[in-house]
Protein chains: 2
Amino acid sequence: MAKLLQPEAETTDPRILRSRRMLMDALARLLMKKEFEDVSVQEIADEATLNRATFYLHYADKNALLQAMTESRFRDLIERRAITFTGCKGALRAIALGVCDYLVESTGCPTQLSRMALEGSIIPIVEDMFKEGLAHHGMAADADSSLPATTAAWAVFGAARRWFQSPNRVPAEEMAARIETMVSPILFGASQ
Amino acid sequence: MAKLLQPEAETTDPRILRSRRMLMDALARLLMKKEFEDVSVQEIADEATLNRATFYLHYADKNALLQAMTESRFRDLIERRAITFTGCKGALRAIALGVCDYLVESTGCPTQLSRMALEGSIIPIVEDMFKEGLAHHGMAADADSSLPATTAAWAVFGAARRWFQSPNRVPAEEMAARIETMVSPILFGASQ
DNA sequence: ATTACTAAACGACATGTGTCGATTAAAAGA
DNA sequence: TCTTTTAATCGACACATGTCGTTTAGTAAT
């Protein structure tokens with residue numbers, strides 16, 4: 001495993017940003033035609049009109065690209081909706097709805113999801129939002145407050161994933177409400 | 001992807017059982033020396049004193065073997081403790097403790113866990129236990145009762161995983177109790 | 001014991017993976 | 001403008017992956 005270029009987005013070099021954007025876009029385009037497992041690094045590089053070696057300057061393998069792409073696009077969706085977890089229940093529902101909608105609009109076929117490791121990119125983001133919200137709400141952001149954040153994030157993702165893969169889906173809004181009901185005791189305590 | 005032999009354990013042919021057992025044991029031995037990512041199918045086959053092609057008769061790739069091994073060993077642990085989810089809170093705590101202990105005793109180094117997809121094998125088992133328990137408890141095992149089971153399973157695994165990766169772990173028993181407190185409203189409703 | 005069945009072994013193949021060193025070219029500062 | 005820096009390209013390499021057809025040998029039933 002050779003070292004990559006700038007670890008994350010912490011760069012302003014237009015060449016780096018351009019290459020990463022093109023790789024993500026290329027993968028997104030390929031995923032509309034075939035399954036992730038059947039996409040090779042060579043194909044991604046070709047689709048992005050980049051050399052295969054350039055791919056490895058940025059990502060360790062195609063899974064790392066998938067992770068980065070998922071993270072970037074999920075962040076976009078959250079930002080587009082201007083969701084901030086203020087620590088209220090409504091925000092929890094909005095986040096759950098965001099996860100549901102993201103799965104629908106990003107993953108063509110539900111069967112694909114099972115083989116893709118999206119949890120690694122989505123859950124940490126949701127977790128951070130919960131942590132921020134709980135900190136804003138007065139609770140200190142120590143290890144005690146971050147355990148519920150982690151647990152709630154996994155619960156939300158697991159529920160949304162299950163919903164997305166179920167044959168007859170109820171509307172996303174209804175699912176988000178049910179997730180809120182189930183998950184809010186984790187964050188706010190069983191009393192509320 | 002060629003088709004494999006008997007889909008799962010539904011075989012009595014001693015040759016098949018022997019090969020699978022040897023492959024799982026070989027992988028377990030190799031994981032004590034190096035990371036999963038650095039283990040090749042050839043190494044696994046050599047360690048198991050089997051031909052590499054024989055590996056592919058049983059598993060699609062090394063991830064599939066890891067999944068099968070994890071599932072088998074986690075089931076063993078549950079069975080050894082004779083845990084049955086009767087629908088009571090105590091059973092939930094026992095299951096949470098089982099997941100915590102499994103992570104400790106099966107995964108050498110916590111950093112390995114992040115790159116391994118164990119959730120795919122552990123969560124479904126926990127989920128099934130929850131479903132069974134809820135059904136026993138009178139609730140019908142329809143889609144409505146299985147959503148909490150899924151959600152709770154993800155929550156338990158996420159919390160246990162976080163605990164396992166944290167630097168200064170509290171005792172597993174204490175963690176199991178905290179998981180029980182957080183997760184039980186998902187299964188039993190926020191009222192109880 | 002003979003037979004039918006089929007898992008395991010073996011060698012070989014095309015393709016994909018990850019890395020390397022050397023070269024070219026684009027970005028940014030003097 | 002010139003210079004420095006470093007990303008991108010290119011060809012090549014050793015190795016891993018997944019599959020195939022054939023042969024060997026273990027299993028189970030007659």
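In which hand, right or left, does helix 4 of chain B cross helix 5 of chain B? In this predicted model, helix 4 of chain B passes helix 5 of chain B in a right-handed crossing. The contact between the two helices draws on B:Met69, B:Thr70, B:Arg73, B:Phe74, B:Leu77 and B:Arg80 from helix 4 of chain B, and on B:Gly98, B:Val99, B:Tyr102 and B:Glu105 from helix 5 of chain B. By residue class, this contact divides into 5 nonpolar, 2 polar and 3 charged residues.

Two packed helices are described by the angle between their axes and the distance between the axes. For helix 4 (residues 62-80) and helix 5 (residues 89-106) of chain B, the axes come within 10 Å and cross at roughly 125°. Because of this angle, helix 4 of chain B is classed as oblique to helix 5 of chain B.

In chain A, 9 helices and 0 strands are assigned, and of its 192 residues 48% count as buried. Among the contacts in chain A with a separation of 6 or more, 67% are accounted for by residues 24 or more positions apart.

Helix 5 of chain A, which comprises residues 89-106, contains 18 residues and reaches 26 Å from its first C-alpha to its last, close to the 26 Å expected at 1.5 Å a residue. Buried positions in helix 5 of chain A include A:Ala91, A:Leu92, A:Ile95 and A:Ala96, and the run from A:Leu97 through A:Gly98, A:Val99, A:Cys100, A:Asp101 and A:Tyr102 to A:Leu103 is likewise buried.

Conventions:
Residues numbered from 1 in each chain as written. Chains lettered and ligands numbered in written order. Predicted model: local features only at pLDDT ≥ 70, side-chain atom pairs only at ≥ 80, totals over all residues. Heavy atoms only, no water. Helix = DSSP H or I, 4+ residues; strand = E, 2+ residues; numbered from the N terminus. Expected span 1.5 Å × (residues − 1). Buried < 20%, exposed > 50% of the residue type's maximum accessible area, 1.4 Å probe, protein only. Axes fitted to C-alpha atoms, helices over the stretch in contact; angles between N-to-C directions. Parallel < 35°, antiparallel > 145°, perpendicular 65-115°, else oblique. Left-handed = near helix turned anticlockwise from the far one by under 90°. Contact = heavy atoms within 4.5 Å. Nonpolar A, V, L, I, M, F, W, Y, C, P; charged D, E, K, R; others polar.
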